[in-house]
There are 2 protein chains.
Amino acid sequence: MGHHHRRASLERARVSQAERAGAMRARLIDATIECVAELGYGRMSTNDIVRSARVSRGALAHHFPTKADLVSAAAQRLLERRVEDFRDRFTAMAPDRRTPAEALSVLWSFYDDTGGLVLLELMVAARHNRELAEVMAPVPERIAEVSADVFAEFFPELAGRPFLGEALRAVHALFSGLALNALPDGDRSGRGAEVRAFLKIIVSAMPQIVAFDPA
Amino acid sequence: MGHHHRRASLERARVSQAERAGAMRARLIDATIECVAELGYGRMSTNDIVRSARVSRGALAHHFPTKADLVSAAAQRLLERRVEDFRDRFTAMAPDRRTPAEALSVLWSFYDDTGGLVLLELMVAARHNRELAEVMAPVPERIAEVSADVFAEFFPELAGRPFLGEALRAVHALFSGLALNALPDGDRSGRGAEVRAFLKIIVSAMPQIVAFDPA
DNA sequence: AATCAAACCGGCAGGCTTGCCTGTTTGTGT
DNA sequence: ACACAAACAGGCAAGCCTGCCGGTTTGATT
């Protein structure tokens with residue numbers, strides 16, 4: 001046989017420590033997000049996470065000494081991923097469908113999906129988790145910011161308007177609330193149609209809003 | 001001494017069973033709401049509740065066999081109380097301050113306070129608690145309904161408008177979302193002022209909204 | 001007065017959770 | 001080749017939570 005510290009006949013690729021650690025952290029973080037989505041923050045245990053990630057308990061402890069560390073990291077990661085997807089899905093829109101109404105519709109799809117759900121749970125959970133709170137506190141601001149950027153880029157006629165940012169902060173709040181309202185009944189009562197109706201109204205009132213003069 | 005089954009010299013008033021049971025249930029429910037507010041739904045245990053209510057564990061088990069029963073009852077009670085307070089605080093407004101803007105401001109105060117917080121937690125918790133979900137599902141509808149009634153009563157010029165209900169459903173969602181956003185940082189960043197700014201915008205856009213024509 | 005049922009008490013058992021701890025493998029520097 | 005540190009495995013202990021149970025008090029019934 002070859003020398004012991006190097007390849008045997010059927011060896012697995014030699015992986016650097018940084019890679020191993022990174023992959024492990026990623027698996028744990030992804031599993032955490034998945035567990036929050038499926039079980040909810042409150043019912044999710046570290047056992048559920050290691051089971052879902054198919055990882056040992058020790059690995060978890062090694063990379064994330066405490067549960068709060070893990071959840072905070074997961075929240076951070078989710079937010080980043082979300083911001084990326086955000087821009088991607090906007091820029092992926094067919095040019096001829098790039099109306100404000102369509103843009104808002106795309107924006108809404110981010111509140112309707114699993115990630116939005118997880119974000120909701122984490123916002124509430126943050127109230128009793130200082131570490132998590134520090135991650136979640138800037139979220140509304142950040143999202144409004146990013147969407148305002150994208151809107152300004154796609155609809156130059158809105159670019160300069162001072163109240164665009166405020167309007168999109170309001171839209172974020174509105175969508176969060178709508179998602180929240182849909183939680184108990186899992187959107188059985190055709191909330192989608194209602195939201196689309198709201199979108200029309202918002203769009204129709206948008207000129208009024210971005211032109212708003214506080215004086 | 002008098003007969004054993006009736007008054008001694010320093011007796012406590014004889015209380016009917018229905019009264020006792022009712023009082024006990026009320027204490028437990030109130031303690032539950034308080035605990036959700038202080039500890040959050042996830043961290044609240046039945047032990048916390050009986051401690052807060054200064055009641056024995058057995059009493060809890062007797063009146064609410066399972067934790068879900070108790071929480072559902074608490075949610076129900078909170079909603080009822082909230083609807084009452086709602087109408088009260090509206091009708092208590094000085095007649096000369098009865099503007100839509102002020103009305104919305106009063107409405108907002110219900111999302112800003114402890115009860116609103118608890119409702120938020122329960123909405124999220126309802127996702128994994130069928131019993132609670134059945135209580136929480138109608139909440140948004142109910143609140144929008146009540147506020148629409150009050151608005152129609154106070155501002156007759158809005159009464160007939162078909163989109164008043166929709167608008168107030170949207171307002172409910174918006175306020176819920178704003179309250180949610182304030183959770184992580186406990187409203188350190190002067191969210192109150194922001195909300196007041198939003199209110200002005202909403203009011204200015206309101207005519208546009210209630211007059212909205214989907215055609 | 002005697003009987004019954006509801007209200008209430010306090011503790012126990014089983015299960016689960018988290019953080020830690022010891023041991024083993026794998027990569028890295030010399 | 002060797003020594004060292006990081007990565008990983010799996011189990012253990014202390015603590016808590018929930019639901020239940022037998023026993024006691026108190027109101028209702030006849």
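1. Just after H2(A), Arg54(A) adopts a positive phi of about 50°. Helices here are DSSP runs of H or I with at least four residues, strands are runs of E with at least two, and both are numbered from the N terminus.

2. On provenance, this is a predicted model, in which local features need pLDDT of at least 70 and side-chain atom pairs count only at pLDDT 80 or more, whereas totals for chains, interfaces and linings use all residues. Residues are numbered from 1 along each chain as its sequence is written, chains are lettered from A and ligands numbered from 1 in the order in which they are written, and side-chain values use heavy atoms, with hydrogens and water left out.

3. Chain A contains 10 helices and 0 strands, so that its elements, read from the N terminus, run α-α-α-α-α-α-α-α-α-α. Of its 215 residues, 47% count as buried. Among the contacts in chain A with a separation of 6 or more, residues 24 or more positions apart account for 67%, a contact being heavy atoms within 4.5 Å.

4. The axes of H9 (residues 164–182) of chain A and H10 (residues 164–182) of chain B come within 6 Å and cross at roughly 100°; the axes are lines fitted to C-alpha atoms, for helices over the stretch in contact, and the angles run from 0 to 180 degrees between N-to-C directions. H9(A) and H10(B) are therefore roughly perpendicular, a class that covers 65 to 115 degrees, with under 35 counted as roughly parallel, over 145 as roughly antiparallel and the rest as oblique. Residues making the contact include Ala170(A), His172(A), Leu174(A) and Gly177(A) of H9(A), and Ala173(B), Ser176(B), Leu178(B) and Leu180(B) of H10(B). By class, this contact has 10 nonpolar, 8 polar and no charged residues, with Ala, Val, Leu, Ile, Met, Phe, Trp, Tyr, Cys and Pro taken as nonpolar, Asp, Glu, Lys and Arg as charged, and the others, Gly among them, as polar.

5. Asn181(A), which lies in helix H9 of chain A, is buried at a relative accessible area of 4%; leaving out residues up to four places away in sequence, Asn181(A) touches Arg191(A), Met123(B), Pro140(B), His172(B) and Ala173(B). Glu121(B) belongs to helix H6 (residues 114–125) of chain B and counts as buried at 7% relative accessibility. With neighbours within four places in sequence set aside, Glu121(B) is in contact with Val124(A), Arg127(A), His128(A), Val36(B), Gly40(B) and Tyr41(B).

6. The structure holds 16 salt bridges over all chains, each being a side-chain nitrogen of Lys or Arg within 4 Å of a carboxyl oxygen of Asp or Glu. In one of them, Arg81(B) and Asp30(B) meet at 2.9 Å, N to O; Arg81(B) lies in H4 (residues 67–91) and Asp30(B) in H1 (residues 17–39) of chain B, so the pair ties together parts that are 51 residues apart in sequence. Arg81(B) is partly exposed at 26% relative accessibility, as is Asp30(B) with a relative accessible area of 38%.

7. Another salt bridge joins Glu145(A) and Arg142(A) at 3.6 Å, N to O. These two residues are 3 apart in helix H8 (residues 139–154) of chain A and are therefore separated by about one helical turn.

Definitions and conventions. Buried means under 20% relative accessible area, exposed over 50%, partly exposed in between (1.4 Å probe, protein chains only).
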